[in-house]
Amino acid sequence: MKHFFLASLIAGAMALPALAADYTIIAPAGPGGGWDQTARSIQTVLQDEKISGSVQVVNVPGAGGTIGLAQFASQNSGNPNALIVGGYVMVGAILTNQSPVSLKDVTPIARLTGEYEAIVVPAASPIQNMEDLIKALKADPGAVSWAGGSAGGTDHITAGLIAKAAGVDPTKINYVAYAGGGEALAAILGNQVTAGISGYGEFEAQVKAGTLRLIAISSAERVEGIDAPTIKEGGLDVVVQNWRMIAAAPGLSAEQVTAINADIEKMVNSEGWKTILKTKGWQNTYLAGDAFKAQLDEDVAATESILKDIGLVK
Amino acid sequence: MGTFEFLLQGILIAAQPMNLLYALIGVTLGTAVGVLPGIGPALTVALLLPVTYKLDPAGSLIMFAGIYYGGMYGGSTTSILLNTPGESASVVTALEGNKMARAGRGGPALATAAIGSFVAGLIATLGLAFIAPFVVKFALSFGPREYFALMVLAFVTVSAAFGDSTLRGLTALFVGLGLAIIGIDQQTGQARLSFGIPDLLDGIEVTTLAVAMFAIGETLFVACQGDRIPDKVEAVKGSVWMSAQDWARSWKPWLRGTFIGFPIGAMPAGGADIASFLSYSTEKQFSRHKEEFGKGAIEGVAGPEAANNASAAGTLVPLLSLGLPTTATAAIMLAGFQQYGLQPGPLLFATNPQLVWGLIASLLIANFMLLVLNLPLIGLWVKLLTIPKPWLYAGILLFATLGTIGANPSVFELGMLLVFGLLGFAMRIFGYPIAPVVVGLILGPMAEQQLRRALAISQGDVTTLFMSPIAAVLFALAFLAVAVPLVLRARGKGEVLSQFAANED
């Protein structure tokens, strides 16, 4: 009996200091996906650079991040230790899901990175390049199944834009949603779907190992270090950049927001962060403060029109 | 250097006295935190990982391995002794394990869980070392339709956990399936049955439901019976240790559990819970003591516990060989590995052999330490049952609440804990089994999403479900699991079945 209480006390003592971490970052997606990787990279750098003593990452997956966002906004009001990773996917998901909680309900801190969308096929696929994929899509849009992240996210939007640019009805695309990039990757590797679409970072290791074939990247021009043509070169005028940001809880004082901003700025300027951007192939698109807020409003408006265009939002 | 040399070298390093101490500390911490209901392995590893950062790479890898296996094992102790599963994979352990504990056989139940976990951990870790590339190929051949077939098989066979009345069992299952619908639908992004409450967009947390139904419901049930039942259960009847018969009845379930758990753990959408369900129903099929199931059959503890631990090692297969974290625990581990300079991925075994084999050796040592720590503690753990009821159940309530807050600090979550506790209480009063509710909540969404993905890929063609050999075999097994007992019962009213069992070896 004594031992039981002793064990519980030790457990409690262990748990309490960890729960009182300097920052808890919500990754509103399943393990292995882009937001998860972003959150864990931030965790590593904040700890390594001694900006924060202890950082925890909590995964709250599903529905383009709106589940995590809703939980974050409702549970952390006024909590200066809570952060959430988010991005372009969330902007779309809030619209398609008619989410009661939007980015207006959190305190955006800064845009951190941007990543281009990569289109891959399994190594054994007969599809060799973007032209082949477009041909298949034109022949029968339903027969081309795309694996990617949540419904209405960047991956889904990009697939829709490709279809639209190819002259195919974007509402006819056969898009299969997975909880995160990790699960989608397994489906592509297992030859379950025709093509995969997600951030380049999620496919990079497999592309280098030769198990996936990278057929196009959604940048305006070729990216250094990535051996693939752009979607534009494949004949379609589609450019998508999936940016990622970090936001804080609602209801913070101006001093608290300034303190978080300072920590994030310190992180972005650190060597550790630069190294991670390089190894993950992310572009540094750091933008903070009012400039970021203005950019965010613009993006929300633009995304709404794209989603209506391709029939994802009525 | 070949595989064996690397492994031997890793074990030599891991077996140094200082590293053994780290392993022991890791296992102790992992078990202590894992014991709290509601705190599963993922949270345990997340909470304790920072502790390892201060050590040198070898030491931290070893301590980490200890925490991982300790956290996986910790949940089974409370399942068996207090009928409070700490995580979804321990739900079935509570079914038989707690019955055994009440009959004074808590010692053998804990022992078979500990030794089963060791055996499974040993075999599965060796499997990770030597056959990971083949297992990963098999695991990736599972697409939506194969997963759906696996879920159907699980649904059909898990009816073994339904207790005596199939109708009541099915009712409970559908309660679980109903709860499973709540939340945002993944394929369309539409909210279902959330009634505009943001907390419900997330769906219902499995651990909250499991802890509420088992722990809170049980506490209320005991409390309302007042003094009518004896104050104490007999803590120990017979030996605290496993008897020769216990060994004879345990070793086959350990092995079967391992072979079920390892490949399912390696599947990107598999998981320890499905492995433990399938192992439980397998043991019920194979057991020569079917009548004991539901009343404390040792096979029902040995198999699922082995499956649970084997699947923990299985999770490392896609993580190390593909860099693909398939569970929350694995994702946290990925962050940990990167701290040690280990970059999981397809090229890992080629570029970083020392670290990989160091990790595998650490897992073997940690697994051994788990046994060293837990076997002597069994005598102490079972004394827990001699605590007077009011204290014991007050303690259970405290830890159930603490665990829920620890996992998800929200008032709404606590409210759900209470509501589901009342539901569990009501179901107990009216004689409905509660495990199927939890099973429904776990399997329902998986089955639904996989079926819809399969049909989306085939553009609505239902025959696709039976066109893959793996799916066809799984469906056939599911069909046999329903049909064979029916036919046999009709022909010989159970005689044939018992004869089958007698001829088993």
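How many helices and strands are there in chain A? In this predicted model, chain A holds 11 helices and 10 strands. Of its 314 residues, 55% count as buried. Among contacts in chain A with a separation of 6 or more, 79% come from residues 24 or more positions apart.

Chain B has its own make-up. Its secondary structure comes to 22 helices and 2 strands. The chain has 505 residues, and 60% of them count as buried. Of the contacts in chain B between residues at least 6 apart in sequence, 80% join residues at least 24 apart.

Two loop residues of chain A were examined. Ser150(A) sits in the loop between β5 (145-148) and α6 (154-165) of chain A. Ser150(A) has 33 C-beta neighbours inside 10 Å, so it counts as buried; the cut-off for burial is 20 or more. The C-alpha atom of Ser150(A) is separated by 8.3 Å from that of Val89(A). Along the chain, these two residues are 61 residues apart. Asn191(A) belongs to the loop between α7 (181-189) and β7 (195-199) of chain A. Around Asn191(A), 15 other C-beta atoms lie within 10 Å, so this residue is partly exposed.

The backbone of Asn191(A) also deserves a note. Most residues other than glycine have a negative phi. Asn191(A) is not a glycine, yet its phi is positive, near 60°. Asn83(B) likewise is not a glycine and has a positive phi, of about 60°. Asn83(B) lies in the loop between α4 (57-82) and α5 (91-102) of chain B. Is Asn83(B) buried or exposed? Asn83(B) is buried, because 20 other C-beta atoms lie within 10 Å and the cut-off is 20 or more.

Two packed helices are described by the angle between their axes and the distance between the axes. The axes of α4(B) and α5(B) come within 6 Å and cross at roughly 50°. That angle makes α4(B) oblique to α5(B). On the α4(B) side, the contact is made by Ser76(B), Ser79(B), Ile80(B) and Leu81(B). On the α5(B) side, Thr93(B), Ala94(B), Gly97(B), Asn98(B) and Ala101(B) take part. The contact residues divide into 4 nonpolar and 5 polar, with no charged residue.

Helix α2 of chain B covers residues 17-34. At 1.5 Å a residue, its 18 residues should span 26 Å; the end C-alpha atoms are 25 Å apart, which agrees. Of these 18 residues, 13 are buried, so α2(B) is largely enclosed by the rest of the structure.

Helix α19 of chain B runs over residues 435-457. Its 23 residues should span 33 Å at 1.5 Å a residue. The end C-alpha atoms are 33 Å apart, in agreement. Where does α19(B) bend? The bend is at Leu443(B) and comes to about 30°. A proline, Pro445(B), follows within four residues. After α19(B) comes Gln459(B), whose phi is positive, near 55°.

Technical notes
Residues are numbered from 1 along each chain as its sequence is written. Chains are lettered from A and ligands numbered from 1 in the order in which they are written. This is a predicted model: local features need pLDDT of at least 70, side-chain atom pairs count only at pLDDT 80 or more; totals for chains, interfaces and linings use all residues. A residue is buried if 20 or more other C-beta atoms lie within 10 Å of its own, exposed if 12 or fewer, and partly exposed in between; C-beta atoms are placed from the backbone. Two residues are in contact if their C-beta atoms, placed from the backbone, lie within 7 Å. The expected span of a helix is 1.5 Å times one less than its number of residues. The bend at a residue is the angle between axes fitted to the seven residues ending there and the seven starting there. Axes are lines fitted to C-alpha atoms, for helices over the stretch in contact, and angles run from 0 to 180 degrees between N-to-C directions. Angles under 35 degrees count as roughly parallel, over 145 as roughly antiparallel, 65 to 115 as roughly perpendicular and the rest as oblique. Ala, Val, Leu, Ile, Met, Phe, Trp, Tyr, Cys and Pro count as nonpolar, Asp, Glu, Lys and Arg as charged, and the others, Gly among them, as polar.
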